[in-house]
Amino acid sequence: MVNKKYWRLKYSFSIFETFYLLLILFFSLYGRFSDYILDFILKITQVRFWVIAIYLLLIYLIYYLLVFPFHFYEDFIWEHKFSLSNQGLLSWFKDEFKKGIIFYILSLILFEFFYFSLNFSYGWILVSFFWIIITIVLAKILPTLIIPLFFKYKKITDQSIYQMIMDLAQKMRIKILDIFEIDLSKMTLKANAGLAGLGKNKRVILADTLKDRYSPDEIKVILAHEFAHQKFSHLLKILFLEAIFITFNFYLIFKTVDFFLKKFNLKDIKDLSCLPLIFIYLIILEAIENPIKNFISRNFERNADRLAIKTTGLKDAFISLMEKLAQQNLSDTSPHPLIKIFFFNHPPIEERINLAKSLRDQG
Ligand SMILES: [Zn+2]
C-alpha cells in the first residue's frame, strides 16, 4: 500500500530526528562545543541578553545545517513524490525561512526569561508562569498573526456556504466573527478546516483544498466537529493540561539539574554552556508526555465526532468525508498501536468511521 510506504518514512524520520538531536546534544555537552561558540560570542559582546540571542541563533543554525539533508528529503522531495505538494523550491525555502524566524524569536523570548528566572529562589514558578502565558498568547494570536504570514487570507465569497456555516453556528450556539478562506493549496494538497482564536475573536478558517472539493454536507459536518470542540471548551482544557505539564517540567528541571550537571562536569545552570542539557530535558520530557497528551486529545476528538454527527444527522456525509480526507491526505487509516500512542492526536480514520457506523446502527 502506498500510504504505508509514505508513512513508514515519515515515522522513521521523526524517530530518527529525535535521537539524532539527542546525540548531537550529548556530543556537544561532552565535547564542550558550546564553550568555543561562547568564547567567540564573548569577544563580540558581553551583554547577557545579546550573548543569549547570538548563542541561540548559532546553535539553531548549526543544527539546521546538520539536519537539513534529511529534512529536505522528508519535507520537500517525499511530499512531491506522493503528489501531496506542488510547492516550488523557492517558495518552500521562503516558508522555511519564515518558520525559522518565528521559531527563533519565540524560543529567544522563552530562554531569555528562563535565564532571568534562574536568579530567583522559586525560579521554576516564575518561568512556568511565563511559558504558560506565551502558550496562551500564541493560541490567541496564531490565526491573526501567523497564518497570514504563510497564506493568503480572504473572506469567503460563496454566500450559500457562508449562510450554511452561520446557521450551523447558531444552531450549536457558537459565536463566530467571520469565515475566511486560505490558499492552503499552494503549500499542500492536504485538506483542512478549523476554528481559530479564543473568546470573541473566533473565526472559521476553510482551506481552499476543502472548500473546492467537498460537498456542502461534508463541509457542514467537518465544521460541526470544529464547533463541537468549541462547545466542549477543548482548546481551553488542552491549554490547562499544557500548563500543568510546563509547571511539572520546570519543577523537575530545577530540582534535578544539579545532579546531571555534576555528571557532565558542568558547574552552574546559569552557564550558557549548559543549555544543551536543558534541551535534552525538554526533548525527553516531551517524548514521555506526548502519549498522554495524544490520549486525551483522541478522546476529545471522539467526543467532537459524536456531537457533530448527532447535531447534523449527517452520518453518511461524515463517513464519505473521512474516506475522502483519508485519500486526499494519504492518511494512515489503521496504524500500529505503538504508532498510534506516540503520533496520533486524532483517532485513526478507521476508528472514526467505525464510530459513525456504530452511531448509525443505534439509529
Ligand atoms: Zn478535531
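Asn-265 sits in the loop that joins helix 9 to helix 10, helices being DSSP runs of H or I with at least four residues, and strands runs of E with at least two, numbered from the N terminus. Although Asn-265 is not a glycine, its phi is positive, at about 60°. Asn-265 is exposed because 9 other C-beta atoms lie within 10 Å (exposed means 12 or fewer, buried 20 or more, and partly exposed in between, with C-beta atoms placed from the backbone). The model is predicted: local features need pLDDT of at least 70, side-chain atom pairs count only at pLDDT 80 or more, and totals for chains, interfaces and linings use all residues. Residues are numbered from 1 along each chain as its sequence is written.

The contact involves His-234, Leu-241, Phe-245, Asn-249, Ile-253 and Phe-260 of helix 9, and Leu-277, Ile-278, Tyr-281, Leu-285, Glu-289, Lys-293, Ile-296 and Phe-300 of helix 10; residues are in contact if their C-beta atoms, placed from the backbone, lie within 7 Å.

A second residue with positive phi is Arg-173, at about 55°, and Arg-173 is not a glycine either. Arg-173 belongs to the loop between helix 6 (159-171) and strand 2 (178-182). Arg-173 counts as exposed because it has 9 C-beta neighbours inside 10 Å.

Methods
Contact = placed C-beta atoms within 7 Å.
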